[in-house]
Every structure is written in structure tokens, then in C-alpha cells.
Amino acid sequence: MKILVTVSEVSSVDEEFEVDGLDVDERYLSYDLNEWDDYAVEEAVQYAEEHGEDEVEVVTVTVGPERADQTIRQALAKGADRAIRVWGDALADATVLDPRTKAQILAAVASDEDPDLVLSGVQTGDDSWGATGVTLAAELDFGWAAVVNALEVDDAETTASVHRELEGGLEELTDVDLPAVCTIQTGINEPRYASLRGIRQAQNKPLDEQTLADLGLEAGDLVMPLELTDLYEPESEGDATIWEGSAEDTAADLAELLREKGVGA
Amino acid sequence: MSDVLAVAEHRRGELRDVSLELLTAGADLAAEAGGDLHVAVVSGPVEEFAEDLNREGVDAVHTVAHGDDYNHDVLVQAVAGLVDDLDPAYVLAPNSVNGLDSAPALAQRLDAPLVTDAVGLAVEEDEGDLVVTRELHGGKTEGTLAVDGTPAVVTIRPAEWPAAEGNGDADVSAADVAIDEDGVRTAVTGYQEVAGGEVDISEAEVLVSVGRGIEEEENLDIIEDLADALDATISASRPIVDNGWLPKDRQVGQSGKVVTPEVYIAIGISGAVQHVAGMKGADTIVAINTDPNAPIYDIADFGIEDDLFDVVPALTEQFS
């Protein structure tokens with residue numbers, strides 16, 4: 001059994017920031033492993049631990065610049081066996097890395113790796129496309145299940161039985177034939193913290209850097225159907241009354257409001 | 001032609017509200033592009049659905065009766081067949097769990113561009129390209145995307161457009177599309193409701209709701225003290241439940257419960273769209289969050305832009 005996990009590095013923006021052209025000024029950005037992918041890595045590593053680490057290989061794949069290696073090492077430290085990172089000038093120059101472009105690259109890697117199961121976070125925390133995993137499944141002609149919060153693979157490793165988290169506290173129970181892509185929802189497990197031993201071991205695990213050309217893709221082959229044409233800070237729609245002063249003062253203001261409404265009386 | 005095809009969503013025999021919002025977005029876009037609005041409804045009691053979808057601005061409803069409920073393999077095949085017949089310039093679907101389970105596969109199958117979670121749609125004057133507005137950077141920024149290629153597949157954010165009203169005079173017809181059973185690789189075997197606990201937060205009049213800003217499980221003590229002092233019920237945003245610090249039945253939001261209390265005190269909650277979907281109907285919303293740009297302040301009535309670890313104990317003190 002081989003499990004391929006897609007891992008993204010995501011940016012978070014400081015409370016105060018400036019937009020520079022079509023992106024947030026680099027000074028106000030910090031980077032981390034995408035929260036949803038953390039759960040996807042954990043799900044794969046737990047499967048390997050339960051079924052024997054010699055029987056199951058967990059490979060991560062990332063589309064991202066060299067900076068992302070730090071994030072990828074986190075996934076390796078949590079128990080993935082090896083990692084692949086793909087990048088190229090055509091991607092660095094793009095105004096936006098959309099799900100179809102990303103899935104096209106991931107599919108090229110998946111075709112080489114031939115996994116039985118692909119796990120992908122439901123969405124990234126920064127741009128929230130929520131579409132890369134399902135697009136990848138379609139690109140590979142795999143089955144898929146989106147927004148999975150429970151996952152069981154049968155002993156023959158031919159079917160995944162999943163719970164899909166729908167809106168309003170309802171779950172759909174679905175069987176999907178393998179090979180398949182499952183997009184993993186937060187809360188499906190408890191992602192571990194990397195141990196010191198894990199962090200040390202991660203330094204020696206293979207992290208294979210590939211270019212688009214290595215995957216047989218020319219820049220002109222990439223679909224890239226979207227172009228970001230403007231980026232701005234949205235105007236606040238809010239008209240909240242903001243209480244100022246010390247915590248004691250603001251708490252007193254709020255207490256007065258609550259008492260007016262008969263709360264805590 | 002610049003027609004719009006909107007893909008309606010339903011669950012267990014009911015159309016979902018977002019389907020009617022989709023009609024509004026679709027009718028606006030069709031009007032701007034000078035085309036017609038077509039609606040597709042696949043699986044379930046499609047004739048009943050078609051009647052309800054026949055609202056102002058809808059030109060045609062296409063039904064595909066196949067199975068009782070949503071199956072993404074069936075939906076993608078059916079809509080791809082309709083796109084072949086109708087040649088629309090734009091395909092709209094909801095940015096819901098099932099919208100995101102099907103629209104990306106549809107776009108890939110059609111070799112079409114895809115934009116998810118749209119909050120605005122416009123047609124660019126010169127080239128006629130679709131321009132989509134969506135949030136980026138976790139909602140800290142908003143951007144416009146020019147979409148190259150047709151049909152553009154776009155999922156729209158729920159509750160951004162009003163529901164379509166009135167009666168339409170659309171042509172309702174059964175679509176002539178065949179479903180290849182070999183291409184159906186998923187089977188929906190059932191549904192399960194998340195088990196209810198001892199407290200029903202949707203019945204509470206006062207909710208003290210806690211989010212990621214609380215940082216550690218042991219810090220929940222100060223929230224409990226406040227709830228006790230106010231005789232309020234505790235609820236939470238998703239990360240608290242994901243961490244197992246509070247049970248699932250305390251979760252407010254898209255995948256949890258929709259609450260409409262008289263007073264909702266959001267403590268250390270940023271106000272992501274999925275959370276807001278569950279609590280925007282509260283009468284009075286108070287936010288306690290250090291980040292003045294947090295989206296919770298877009299819907300709050302009152303706010304304290306200060307450290308919850310200072311404000312919450314001080315508030316409890318006021319009621320002791």
C-alpha cells in the first residue's frame with residue numbers, strides 16, 4: 001500500500017499589513033504547514049503504524065518554492081517516509097496558483113508514484129480553494145470522496161468506507177473504490193507533535209526536488225486559466241461599537257449592556 | 001451565446017437554500033452577459049424540484065431523474081452531458097460540501113477553468129471574460145480573477161446572493177443524457193446525524209462562545225466561570241471541537257449548529273465564514289478579539305479589541 005499525501009505550505013498575514021502589487025508585502029507573511037494537511041499526514045501515518053510500516057509507504061508531495069522545505073520536513077518529522085517537491089519558474093511567475101494547475105502537476109507526480117490512496121487536506125488555510133483534491137482525482141481518473149472525517153480501508157485494500165461531513169451536523173456514509181483521493185477534514189484525528197527523534201530523522205529522509213521538466217511538463221503545457229488582476233484589503237462592513245479603555249473599563253461597559261438585556265441578573 | 005447553467009443542490013428530498021441563491025446569481029450574470037439562465041437538477045424528485053426552481057429569471061429547467069439522492073459520479077456525468085448540449089458560457093454551483101465534491105471534477109472533465117467561493121461575478125466589457133471576486137489570504141484580502149476559457153465553472157458562496165423569488169415561466173424538460181453506470185465508482189450507503197448531547201445550544205438565549213484565541217484547554221476555566229456568572233450556555237468554534245476540548249454538539253457553524261440567541265459573546269473567535277453562517281442570526285453579537293481586522297467585527301454589534309485573558313475575568317468579576 002502506498003499513500004500519497006499532498007502537503008501545502010500556507011501563509012498567514014500579520015494583523016497589520018500592506019498590499020504590494022498583487023500580493024501581501026512579504027514582510028507581513030509567515031509560513032506554516034497547512035492545518036488540513038497536518039490531519040491528512042496524521043491519517044496516513046496512523047494507517048502505516050496500524051498496518052506495519054514495512055507494508056505501507058507514506059510519500060508527501062508539495063508544489064512550492066524552496067522555502068517550503070521547512071514545512072515538508074515537519075511532515076517527515078511526523079512520520080512520512082519521503083517527500084517530493086515540485087517547482088519551476090512558470091509557477092513562480094504566476095499571479096495565482098489555481099487548483100487546476102496544481103492538480104495537473106500533482107497528477108504528474110501521482111502517475112509516477114502510482115499510489116493506492118491519495119490524501120489531501122480539504123482546503124488550504126490561506127486561499128481556501130477547496131478544490132485541488134477532487135480536481136486531482138478527476139485528472140487521474142480515480143474515485144474520490146470530499147470532506148472526509150472518518151476513513152476505513154477494507155482488508156483487501158479495494159474500497160475506502162468514509163464519512164463525509166455535510167452541513168448542519170449530518171454525515172454521508174460513502175464507499176469509494178480504490179485507488180481514490182480523499183480530502184481530509186480537520187478533527188478526523190489528533191495530529192501529533194513531531195518528537196525530537198522524529199525531527200532528527202526527518203533530516204535524513206529523502207526530499208526529492210523536481211522541476212516541471214523532470215515531470216515531462218513544459219511551461220506551455222500548464223493550464224493556468226486564471227489571472228489575478230487586483231488585490232486589496234476589503235473594506236470592513238462592520239459598524240460595531242468598540243469600547244475603549246482598560247479591561248476593567250470595557251468589561252464594565254459590556255456588563256452594563258448585558259444587564260440592560262437582563263443577562264446575569 | 002453567453003448562457004448560464006446553474007446546478008441546483010438538494011439533500012434527502014429537499015432543495016437547499018443555496019439553490020435559490022444560485023438562481024439570483026445566475027439571473028444577474030445571464031442579464032449582464034445577454035444570455036439565458038438554464039437550471040440543472042439531477043437525482044431525487046426532480047419534477048417537484050423543477051417546480052420550486054421555476055422562479056423569476058429562469059428560462060429553462062433541465063431534469064435528470066437518476067437515483068434518490070446526490071451521487072457525484074452521476075451529477076458530473078449528467079451536467080457534463082447538459083453542457084455539451086447547451087454550450088453555456090458559465091456554469092454555477094454552490095460552494096457547499098457537495099458543490100466542492102462535484103464542481104472541480106466537472107471543470108476538469110470539461111477542461112474548463114474553475115473558481116471557487118465567489119463573492120462577486122462580472123463580465124468584462126472588452127473581451128467578455130468573466131471576472132470573479134473572491135477572498136484570499138484567509139479573508140484578509142480580496143482579489144479579482146480574470147477567467148480565460150469557457151465554460152467557466154464557478155462555485156458561489158452561500159448567503160452572498162438573496163434567494164430568487166416569484167414564479168417563472170421556464171420550460172421544464174427531462175434532459176436527454178445517459179448515465180454510464182461503469183463510471184459510478186462511489187456508493188452512498190446512508191446518513192448519520194451527529195449525536196446530540198445533554199445541552200441544545202440552538203435553544204440557548206445567551207451563548208458564551210469560545211474560539212482558538214483561548215490557546216489551551218486548561219484556559220477554558222475562565223470561560224466556564226463567565227458562563228456560570230451569566231447563567232449562560234457555552235458554545236465553541238470549530239478548532240475547539242477538533243481539539244476535543246468540547247463535544248461536537250457545542251459547535252456553532254456550517255458543519256455544527258445554527259444558533260439564534262438573544263446575546264452571543266464571541267471570545268477569541270476570528271469569525272471565519274463557516275462560523276458566521278451559524279451565528280449571524282443572533283440578536284446582539286459581542287466580540288472580544290485583539291485583532292481589529294478579524295472578520296467577526298464585520299457582524300458584531302459591540303466589540304472589545306483587547307486580550308481575552310484580561311477582559312473575561314474582569315467581566316466575570318462584574319457579576320460576582
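**Chain A, overall.** Select chain A. Its secondary structure comes to 7 helices and 15 strands. Helices (H or I, at least four residues) and strands (E, at least two) are DSSP runs, numbered from the N terminus. This is a predicted model: local features need pLDDT of at least 70, side-chain atom pairs count only at pLDDT 80 or more, and totals for chains, interfaces and linings use all residues. Residues are numbered from 1 along each chain as its sequence is written, while chains are lettered from A and ligands numbered from 1 in the order in which they are written.

Along the principal axes, its C-alpha atoms fill a box of roughly 65 × 45 × 35 Å. Chain A has 265 residues, and 49% of them are buried. A residue is buried if 20 or more other C-beta atoms lie within 10 Å of its own, exposed if 12 or fewer, and partly exposed in between, with C-beta atoms placed from the backbone. Now turn to contacts. Two residues are in contact if their C-beta atoms, placed from the backbone, lie within 7 Å. Among contacts in chain A with a separation of 6 or more, 69% come from residues 24 or more positions apart.

**Strand E9 of chain A.** Select residues 143-153 of chain A. This is strand E9, and 9 of its 11 residues are buried, so the strand is largely enclosed by the rest of the structure. E9(A) and E12(A) run parallel and are joined by 4 bridges. Two strands pair if DSSP finds at least two bridges between them.

Next, show residues 159-165 of chain A, strand E10. E9(A) pairs with E10(A) in the antiparallel sense, over 5 bridges. Pick Leu151(A); its bridge partner in E10(A) is Val162(A).

**Across to chain B.** Show both chains. 72 residues of chain A are in contact with 72 residues of chain B. On the chain A side, select helix H7, residues 247-260: this helix gives the most to the side that touches chain B, with 9 residues. Colour that side by class. It has 35 nonpolar, 18 polar and 19 charged residues. Ala, Val, Leu, Ile, Met, Phe, Trp, Tyr, Cys and Pro count as nonpolar, Asp, Glu, Lys and Arg as charged, and the others, Gly among them, as polar.

Now select residues 170-177 of chain A and 186-193 of chain B. These are strand E11 of chain A and strand E13 of chain B, which pair in the antiparallel sense over 7 bridges. Centre on Leu170(A). Glu193(B) is its bridge partner in E13(B). For the model as a whole, the scores are ipTM 0.94 and pTM 0.94.

**Chain B, overall.** Chain B has 9 helices and 18 strands. Its C-alpha trace spans about 70 × 45 × 35 Å along its principal axes. Of its 320 residues, 55% count as buried. Colour by pLDDT, the predictor's confidence in each residue, from 0 to 100. The average for chain B is 95, and 100% of the residues score at least 70.

Domain 1 covers 4-183 and domain 2 covers 201-318; the bounds come from an automatic or database domain assignment. Their C-alpha centres lie 34 Å apart. The contact takes 5 residues from domain 1 of chain B and 5 residues from domain 2 of chain B. By class, the domain 1 side has 2 nonpolar, 1 polar and 2 charged residues.

**Helix H4 of chain B.** Select residues 99-110. At 1.5 Å a residue (times one less than the number of residues), the 12 residues of H4(B) should span 16 Å, and the end C-alpha atoms are 16 Å apart, which agrees. H4(B) is mostly covered, with 11 of its 12 residues buried. Among them are Gly99(B), Pro104(B) and Leu110(B). Step just past the helix: Asp111(B) takes a positive phi of about 50°.

**Last stop: Ser237 of chain B.** Ser237(B) sits in the loop between strand E15 (233-236) and helix H6 (238-242) of chain B. Is Ser237(B) buried or exposed? Ser237(B) is buried, with 31 other C-beta atoms within 10 Å. Leave aside its neighbours within four places in sequence; its contacts then include Ser209(B), Arg212(B), Ile269(B) and His275(B). Finish with a distance: Ser237(B) and Thr116(B) are 121 residues apart in sequence and 23 Å apart in space, C-alpha to C-alpha.
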